[in-house]
Amino acid sequence: MRVDADAPITFGITGASGAPYAVRTLRALNEAGARVRLIVSGYGLRLLKEESGIDGVDGLRAATGDWSNVEYYDALDRGATPASGSAPSRGMVVCPCSMGTLASIAAGTSRNLVERSADVALKERRPLILVPRETPLSLIHLENMTRLTRAGATILPAAPGFYHRPQSIDDLVDFVAARILDHLDVPHTLGVRWKSGERPPREG
């Protein structure tokens, strides 16, 4: 199916460790003026509180900039707009993505709006980016990731690189957020892109 570049991006936040990645990615989407359909699970809200000191949806709004293009949905409302394939979308990201959520998406159980929205992204052949943060990985985890990759999802682990010589935790967080935005085709200026062996441009 054709992806509408002006359609919203569905963004799910679940209870896996990695709240700073979610906060930075949402802030970057807001800075880029992207339209966002935001869904935060109950454990996602708990995660934001425990790892980033963000208390509830109002706290998340205060930490991530202008929400004029953000629509927030209750994760328990499986009949909300993102649950329908007829609703235009340019794709979905789940960041962080718990292994429970990943397993449910792989099985197609659609227990809540995050999982149903991911199921819709797969069936409509839209980009689906899952950002797990788990180590080590069991065979069950790996098999679920393989199944989802075969179904069309992109598994993008929260595994920052070090070739850009990070100087802070923020640099590491930006690295992962930048990779997410790249796969959503959202322009950004996060981090430094790798260049090796390229000749500098001629002057004049």
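This is a predicted model: local features need pLDDT of at least 70, side-chain atom pairs count only at pLDDT 80 or more; totals for chains, interfaces and linings use all residues.

Colleague: How many helices and strands does the protein chain have, and in what order do they run?

Modeller: The protein chain holds seven helices and six strands. Read from the N terminus, the order is β-α-β-α-α-β-β-α-α-β-α-β-α.

Colleague: In what order do the strands lie in the sheet?

Modeller: In general, strands of a sheet pair through backbone hydrogen bonds, in parallel or antiparallel fashion. Here the six strands make an open sheet, ordered 3-2-1-4-5-6, with parallel pairing. Strand 3 (70–74) and strand 6 (154–155) are at the edges with a single partner strand each, so one side of each has no neighbour in the sheet.

Colleague: Which strand does strand 2 join through five bridges?

Modeller: Strand 2 (residues 36–40) is joined to strand 3 by five bridges, and the two run parallel. Within this pair, leucine 38 lies opposite tyrosine 72 of strand 3.

Colleague: What does the radius of gyration say about the protein chain?

Modeller: The value is set against that of a compact globule: for 204 residues this would be near 17 Å, and the protein chain has 17 Å, so the two agree. The C-alpha trace spans about 60 × 40 × 35 Å along its principal axes.

Colleague: What share of the residues is buried?

Modeller: Of the 204 residues, 47% are buried. The accessible surface of the protein chain is about 10,800 Å², and carbon and sulfur atoms account for 49% of that surface.

Terms used. Residues are numbered from 1 along each chain as its sequence is written. Side-chain values use heavy atoms; hydrogens and water are left out. Helices (H or I, at least four residues) and strands (E, at least two) are DSSP runs, numbered from the N terminus. The radius of gyration is taken over C-alpha atoms; the globule rule is 2.2 Å times the number of residues to the power 0.38. Buried means under 20% relative accessible area, exposed over 50%, partly exposed in between (1.4 Å probe, protein chains only). Accessible areas come from the Shrake-Rupley method with a 1.4 Å probe; for residues, only the protein chains shown count as cover. Two strands pair if DSSP finds at least two bridges between them.
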